[in-house]
Amino acid sequence: MAITKIIENKGDLTTSSNNGKITINQTTGEIIVRNDGKKVVEINDEGFKYVDDNNTTRISMGKNTNGQQQIIIYGADGKAQILVGQDPKNGTPVVAVSDSGKDVLTELLNA
């Protein structure tokens, strides 16, 4: 895979591979990986996100809105099911798993 084009558009400097599977936007600080034209991986200043073929987030890693570090694995229904990181209530380290169909973050906040 060779880098074939560097595009500057409205101040954004974007580098793309010859097949468009990898795009690096130097202005926004994003790296995007595509499979058959669909975005599957996005890395930016908020963290890392993997999306499946149905455009459902399956794994995310980074900071939540409170600035707490977390890794979340989502169930087939798109709900957060496994959390490794900081408890959203008090910030203590936690590994939490919710029952299928229940959002682990909601369960922790309501515990």
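I take two strands as paired if DSSP finds at least two bridges between them. I take helices (H or I, at least four residues) and strands (E, at least two) as DSSP runs, numbered from the N terminus.

**Entry 1: basis.** I note that this is a predicted model, in which local features need pLDDT of at least 70 and side-chain atom pairs count only at pLDDT 80 or more, whereas totals for chains, interfaces and linings use all residues. Residues are numbered from 1 along each chain as its sequence is written, and side-chain values use heavy atoms, with hydrogens and water left out.

**Entry 2: overall composition.** I looked up the elements and found one helix and 10 strands. From the N terminus on, their order is β-β-β-β-β-β-β-β-β-β-α. For burial I use relative accessible area: buried is under 20%, exposed is over 50%, and partly exposed lies in between (1.4 Å probe, protein chains only). Of the 111 residues, 28% count as buried. Accessible areas come from the Shrake-Rupley method with a 1.4 Å probe, and for residues only the protein chains shown count as cover. The accessible surface comes to about 7200 Å², and carbon and sulfur atoms hold 51% of that surface. A contact means heavy atoms within 4.5 Å. Among contacts between residues at least 6 apart in sequence, 4% join residues at least 24 apart.

Entry 3: I followed the pairing from E3 onwards. Strand E3 (residues 22–25) runs antiparallel to strand E4 (residues 30–35), and four bridges join them. Ile22 has Val33 of E4 as its bridge partner, and Thr23 has Ile32 of E4. The hairpin of E3 and E4 has four residues between the strands, and there Gly29 takes a positive phi near 75°.

E4 is also joined to strand E5 (residues 38–44), by five bridges and again antiparallel. Val33, the partner of Ile22, has Val41 as its bridge partner in E5. Two residues lie between the strands in the hairpin of E4 and E5, where Asp36 takes a positive phi near 50°.

I then asked which residues of E3 make up its covered face and which its uncovered one. Thr23 and Asn25 form the covered face, while Ile22 and Ile24 form the uncovered one. In a regular strand the side chains alternate between the two faces of the sheet.

**Entry 4: salt bridges.** I count a salt bridge where a side-chain nitrogen of Lys or Arg is within 4 Å of a carboxyl oxygen of Asp or Glu. A search of the whole structure gave two. Side chains of opposite charge can pair when their charged atoms come close.

Glu42 is buried because its relative accessibility is 12%, whereas Lys39, at 35%, is partly exposed. The side chains of Arg58 and Asp52 also meet in a salt bridge, at 3.4 Å from N to O. Arg58 is partly exposed at 25%, and Asp52 is buried at 14%.

**Entry 5: nonpolar surface patch.** Patches are made of residues with over 30% relative accessible area and no salt bridge; like charges are joined within 9 Å, and nonpolar side chains (Val, Leu, Ile, Met, Phe, Trp, Tyr) within 5 Å. I found a nonpolar patch of about 560 Å², made by Tyr50, Ile59, Met61, Ile71, Ile73, Val84 and Val95. The elements that give two or more residues to this patch are strand E7 (57–63) and E8.

Val95 lies in strand E10 (residues 93–97) and is exposed, with a relative accessible area of 64%. Val84 lies in strand E9 (residues 80–86) and is partly exposed, at 36%. Not counting residues up to four places away in sequence, Val84 touches Gln70, Ile71, Val94 and Val95. Val84 and Met61 are 23 residues apart along the chain, and their C-alpha atoms are separated by 9.4 Å.

**Entry 6: Gln70.** I followed the contact from Val84 to Gln70. Gln70 lies in strand E8 (residues 69–74). Is Gln70 buried or exposed? Its relative accessible area is 12%, so Gln70 counts as buried. Not counting residues up to four places away in sequence, Gln70 touches Ser60, Met61, Gly62, Lys63, Asn64, Leu83, Val84, Gly85 and Leu105.
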